[in-house]
Amino acid sequence: MNLQVLHLTGQSDPRSCALSPVQDAFLDALPLAESAKVRLNFPYDDRLAPPLGPAWRPVPLWLGSLRHLVLFWRIRLLRGRWARRHRPLVEARLRTADRTLVLAGSIGLDLLGRLSLPTEVLDRLTVVAYGAVATRPPACRTVRVGSRGDHLARWWPHEVSVDAGHLDYLAAPELAALCRDLATELS
């Protein structure tokens, strides 16, 4: 049984699936083989990240927030069409391992839920949702992590509390410890 770990966040830069340096460093710190660490973000299109696609580029907070707002409405207005467009790549990625630890930041939990993935795929997932803003989470094992310092997601339910703002959960030692424990449990 093999395990993979991947990030799933909104597309601050819709032209790229490249991980940010912080996301890469978070994967580096997990006690797993390099082959278990997926170096792509949603929607896991190899053509949208190095070496085939663009490298990660910093996106101003205002622009990233605007793009997430557009994505938030797009997935609600286009419903089935949005899911049909993105489900094949996401499902293919999730089927490459027996188990997947999904690190879903912010809108990532909602994106995962709105893909309407088959039950046999959802049964393979454990999701750590940090700063989650999700009206339609997936039906799978999910640990929600929140923070009183997160002014966007603080009102959403969560089981684990850390000290972080909406954009810096990956720097929280409690989140790193939780993910290390889950990676060890699932290995």
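The chain folds into six helices and five strands, where helices (H or I, at least four residues) and strands (E, at least two) are DSSP runs numbered from the N terminus. This is a predicted model, in which local features need pLDDT of at least 70 and side-chain atom pairs count only at pLDDT 80 or more, while totals for chains, interfaces and linings use all residues. Residues are numbered from 1 along each chain as its sequence is written, and side-chain values use heavy atoms, with hydrogens and water left out.

**Layout and overall shape**
- Starting at the N terminus, the order of elements is β-α-α-α-β-α-α-β-β-β-α.
- The radius of gyration is 15 Å, close to the 16 Å from the globule rule for 187 residues, so the chain is as compact as a globular protein of that length. Here the radius is taken over C-alpha atoms, and the rule is 2.2 Å times the number of residues to the power 0.38.
- The C-alpha trace spans about 40 × 35 × 35 Å along its principal axes.

**The sheet**
- Five strands make an open sheet, ordered β1-β2-β3-β4-β5, with parallel pairing; two strands pair if DSSP finds at least two bridges between them.
- At the edges are β1 (3-8) and β5 (160-161), each pairing on one side only.
- Strand β4 (residues 141-146) runs parallel to β5 and is joined to β5 by two bridges. Val145 has Val160 in β5 as its bridge partner.

**Packing**
- Of the contacts (heavy atoms within 4.5 Å) with a separation of 6 or more, 65% involve residues 24 or more positions apart.
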